[in-house]
Every structure is written in structure tokens, then in C-alpha cells.
Amino acid sequence: MIFKHIEELYSYRNLIWQLAWSDFKLRYKNSMLGYLWSLLEPLLMLLVLYLVFTNLMKNQIEHYQLFLFIGIILWGFLSRATNAGMFSIVEKANIVKKIYFPRDIFVISSCITALLMSIFESVVFAMFMVFYRIPVSINLVYAPLILLFLCIISLGLSLALSALNVFYKDVQFIWQVLLQIGFYLTPIIYTIEIFPKNLQKFVLLNPIARIIISARNTIIYSSPAKMEDLLFMLLSSIVFLFIGYIIFSKLESRFAEEI
Amino acid sequence: MAAIEVEHLHKTFRIPHEKRTTVFETLTGAFNPPMYENFHALNDINFTVEEGEALGIIGENGSGKSTLLKIIAKILRPSAGSVTTTKKLTPFLELGVGFQPNLTAAENVKIYATIMGMQKREINDKIYGIIEFAGLEKFKDTKLKNFSSGMQVRLAFSTAIQTDPEILLMDEVLAVGDMEFQQKCMDVLSQYRKDGVTIVFVSHDLGAVRRFCDKTLLLNKGKQVVLGNTGEVLDRYVYGGGNEALNSSEKQNESKIAEIEVKSENKTPMWEDKEIEITNVEFYDKFDNKGARFNSFDPMTVRIFYNAHKKIYDPVFGIALYSENGENLFGTNTELKKVSIDSIEGKGHIDLLIERIPMITGRFLLTVAVHTHDQKPYDWHDKQYSFDVIPTCRDAGIFEVPCNWKI
């Protein structure tokens, strides 16, 4: 059943890519300047947070600019992918009502669009790495795996959100609030150590927290990812995708009527 | 082998009295289940379409035609029953699905062709042909938003016809565009027919249905009225045979007439000497059924009911036919046809037999009058009756001119 669906999706790979690529182009209005503008937001955020936290808070984190940047990029991807994914069905109402193909194609392609958007930030990040002469080690091999988990979690969330957004108009506002709360409950601008010892284990229940911590360790600090973290990420990405998919397929049959 | 098999298909839409569109409303109303109205859009539909066959689906607005087509296309799910298709479906429910105004013509063709199920290599091979066929070579890198709607339709159409359909679902696509475009559509449809493509065709254009479809399904308010040979079904549809849809359109006509009557009474003084009153006019088709819709080139009878309040000698009955815009197309009376009526008294009727309706399509208005030989009117109903003519040929215009080509 699942394999059959994956096979079907594979046969639509060209469509998924076309939708993702055209959305990407539309977002930047086909101009190089558009791409550059999109970098401004995360860079500005990086600058402000960096100035605030190094000068006012006097924190002692090593390579704080990179520490911060990686958190902003990864959290930015999650926020972008889920926001684009949430509207992927609603925005494509004219297609949904006129032709059939598996509807999760819209969600998958919107997540790919978000991924494309994050690539530019990653390039700038790589330039930072070179500029600050950060050595990379063999432990970098964990990074793609960690990113894959993040993508799967984002897809699972997007599937659920896109389906719910068809039926409930306030899902978008609720999700914005949750994302905002999540930003501060996740060690993005600070290390996990600022949480009291007994609360840290609750913070680590959030798979995104583990993803960001592991990504930092493997990319900036040249240390291997912890097996416990990898397992937790694997498990939670399966759970997120599974639940998201269940919600999506339960509601999918009524999309064309409700939009 | 059956390409499409529809069995006991039902579709019910649940229409909530008060729609809950937010999580908040849903949570607060959890103990107070919402009230629903069930709307049965389709009721027990059964048919099969054999491979290479063309099925027409006709019916009034709201009879469930498009819903049925959407269910076959898998866009909507049936509430009960099943639809089985054995081949690849290509729906033409709308042209240009997924067009993005901010992308160029070439980019849009790529996306649209992909949506329509074409493979990447095929698209790359055909893209210039598609743009050329639409006559837009010069504008291939122009953004779609700068195109006229005609250009957009042309682009969508030339893309859509590049798909290689096995089962084609068509919904009123032909209704848009000018004559030339409609002609192109017809040619493509004919070609698909020749190639043995299975076609399901929903249309109000009965002429097109008659030309292209082997079988026709007539729906009325979600129920399958009749399925069969196209000619028979169209006759049944046009001439009603007592179906409700026809009655409703008659009622509309009546109310229209009543409205006109009120107006004319207000405007014009009662200058008719109502010694003879025209009480009603009815139209009869070739099966002697009353109706207001006729196939072009079919026979028709106009029956004028009168009530002579006293014995009148030598009255003249006349009619005048108008187009919907009020142009006088034809007029005649009993005097001109050298028919003399000795005398009439009391209630009765007179028939005007039309052997062959020469009009091709449109709504026509009829004026009916009764007067003396020296034009002194007894009664006069100006353009108060109307009927529709449904095309059965491909010629254009209002009237058929009998003619032949010769080289």
C-alpha cells in the first residue's frame, strides 16, 4: 500500500519538480536581485541577535556567529516549509478542483521549494565557515542525515497542516503562535545549558532541538552525533510523517468539495 | 471491453446549516453537533462506456452532469457505488489548469503539459510545435499576464491537444472562444474519434453531442432519465416526453408572458375590440407533445386558441415571427394564404402547420393576431410567445438557406 503510493509519487517526479521550481521562480519574480533580497532577512536577524547576545549578554559560546546562524537556517527552513506546505493545497484550489493527481504532490513540492530557498543561506553559511577558518572533520557525514530528518519532520507537519487548513481557517494563526513559542523553547540563540538541569530533558523531547544541537556539533565543533540523538530523530521523523500522512489521507477525499 | 464502468453511483453533498470553519468553533461546538442538509447530487447512475465509444451527457443546469464527470475524473469521491476505469484518463474540464500569470508562455506550457501527464522528453520535443500552433512564436518569453485571454486559451488548447488521451473527459470546453476556435476543437474531437479514443462529453451544445456521441445519457436532478442511442435521447430531451425539466422551462415562459401582458396593458390603451379573444397559443412537436423546444428542421404545429364572444364572419388569423432581438423574420396570415374562415363562434382553435423549421438555433418570439379583412384588430398578442430551436447541423447563422456546392 505504502510502497504502491511511493511508486505512484515517483511516476509524478517530473510534476513535483516542475511545481517546486515554478513556485521558487515565482517567489523571487525570476530576478537575481530577488534571490539576494531573500538572504537579507536571515542575515539581518543574525546580525541583531549576534550584537545583542555577544555585547549585552556577554555569552562565551565558541564561534557564536556560526552557532547562531546554523540555528536560524534550520529553524527558518522548518518555518518556511510548514508555512508553504500549509497553504499548498488551498493556494492550488484551481488545480485541485479541475484535475486529479495524488494531492500530497503539492505538499511535497512546496517542501522542496522551501529547501531550494534555504540553499542560498547555506551557501552563505559555507562562506562564513571558510572565512572564520573552521576546520571540518569526518563527522560532517552526519550532517546530510540530520538534514534529512528535518525534511521528513517538516513534511509530516506540512501534510497535517495543509489538510487542516482546508477545513479550519484559523489553523494558520495557531501555527504561527506555536512556531513563535517553539523558537524560544528550542536552543537556537542559546545553548541548552541555560535551561535548569531538570528541564533539559523536556527540551530534548523536541526533535528540532536535537537536530540543531547535533547539526552544530557535527558541522562547527567537529564532534560526532550522539547515537541516542540520531535514534530519537529517526523515530520522531517516522512518527511525524506517519501521523501527518494519516491526517492528510483522512481529509483528502473532501478537498475538492471544501476548498 | 468497457473503458469506463459506473455502477450504482450516488453522490451526496452535506450542506451544513451553519458552517464551522475554525478550530475554535469546532471545539466550542463539540457537544452540539452541527445540522446538515443532504443534497443528493447523483442518484443511482449506471452505465458503461466501451472502448472507442463516445458518450454524451446532457441535462439542465444543476442536473449533476459536471459532478458526474468530476467523479469519473477522480476529483470527487462517490458517496456510494463505484467507477472503474481501465485506461489513462485525460480530463479537459478546463483549459489552462495551473497557468501562472507571472511565468512566461514557454514555462507555462511546460507546467501545464506536465500536469496533463506528458513526459519530460515529450514536452521538450513538442514545446516549439505547441507555441507555433498557438501562433505565439514571437511571445514565447512573454509573461502570460501580458497575453489576451484569447491568446491564453489558444496556448492552453494547443498544449492540451498534444496529450495522447486514452479516455478523454470533456466539460464545456467548447463553450469558450470564437467560431474559429470552436471549429478547431471540433476538428480535434473528430480526430480523437477516428483514433479510437474513448470520449465522455458533457455539453449544452446538443448539435455537437448529436455529431460526436454514439450514446447519450440524459440526467435530470441527479437521476438517470434515459441512456441510449444519441438521436433518441436528444429527441426525448428536446421534446420532453413529460419530464419535469421541460415543465419548469415552460413555467418560466409563462411567467415571462404574464409579465409582458401586464406591461402592455399599462402602456397601450385597450384598443382591441375583444369580440374574439386569443386565449392561448401552444406549440406541438412531431410527436404531438406540447413543448417550447424544437430541433431545427423538424415539423412543428402552432395552435392558437380563441374564444369568439359572438358569431364573427370571415376573421383573419395571422402570426409574425421575431428573433430575440425583435427583428421581424416572417409573417403570414390566413388571408395571404387564401384561407377563408366562414365564421367562428365560441371556443376553438386554429393550427398553423410548419413542415420544417428552417431556423438553425436561437429563441424566437411569436406575435399572434386576429383581425378583420380591413385590418381592424379583434385581438393582438405582440411577441408574447416564445420557443427555442436547438441546432442539429453545423451551419452557422439563424436560418438555413437551401443550397449546394458545385465546382
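Guide: A term to begin with: two residues are in contact if their C-beta atoms, placed from the backbone, lie within 7 Å. This is a predicted model, in which local features need pLDDT of at least 70 and side-chain atom pairs count only at pLDDT 80 or more, while totals for chains, interfaces and linings use all residues. Residues are numbered from 1 along each chain as its sequence is written, and chains are lettered from A and ligands numbered from 1 in the order in which they are written.

Visitor: Leaving aside its neighbours within four places in sequence, which residues is A:Ile247 in contact with?
Guide: A:Ile247 sits in helix H12 (residues 227-252) of chain A; helices (H or I, at least four residues) and strands (E, at least two) are DSSP runs, numbered from the N terminus. With neighbours within four places in sequence set aside, the contacts of A:Ile247 are A:Leu159, A:Ala160 and A:Ala163.

Visitor: Is A:Ile247 buried or exposed, or in between?
Guide: A residue is buried if 20 or more other C-beta atoms lie within 10 Å of its own, exposed if 12 or fewer, and partly exposed in between, with C-beta atoms placed from the backbone. A:Ile247 has 17 other C-beta atoms within 10 Å, so A:Ile247 is partly exposed.

Visitor: How many Å does helix H7 of chain A reach from its first C-alpha to its last?
Guide: Helix H7 (residues 104-131) of chain A has 28 residues. The expected span of a helix is 1.5 Å times one less than its number of residues. For H7(A) 40 Å is expected, and close to that is its reach of 41 Å.

Visitor: Which helix gives the most residues to the side of chain A that touches chain B?
Guide: The contact takes 21 residues from chain A and 25 residues from chain B. Helix H2 (13-27), helix H6 (93-96), helix H9 (171-185) and helix H13 (255-258) of chain A are the elements that give two or more residues to the chain A side. With six residues, the one that gives the most is H2(A).

Visitor: How many Å separate the centres of the two domains of chain B?
Guide: Domain bounds come from an automatic or database domain assignment. For chain B the assignment gives domain 1 (2-238) and domain 2 (251-390). Taken over C-alpha atoms, the centres of domain 1 and domain 2 of chain B are separated by 42 Å.

Visitor: What is the bridge partner of B:Gly362 in E17(B)?
Guide: Strand E16 (residues 362-371) and strand E17 (residues 377-390) of chain B pair in the antiparallel sense over nine bridges. In E17(B), the partner of B:Gly362 is B:Val389.

Visitor: What is the phi of B:Lys74, which is not a glycine?
Guide: B:Lys74 lies in the loop between helix H2 (65-72) and strand E4 (80-85) of chain B. B:Lys74 counts as partly exposed because it has 16 C-beta neighbours inside 10 Å. Although B:Lys74 is not a glycine, its phi is positive, at about 70°.

Visitor: Where in chain B is B:Lys221?
Guide: B:Lys221 has a positive phi of about 50° although it is not a glycine. B:Lys221 is in the loop between strand E8 (215-220) and strand E9 (223-229) of chain B.

Notes
Pairing = 2+ DSSP bridges.
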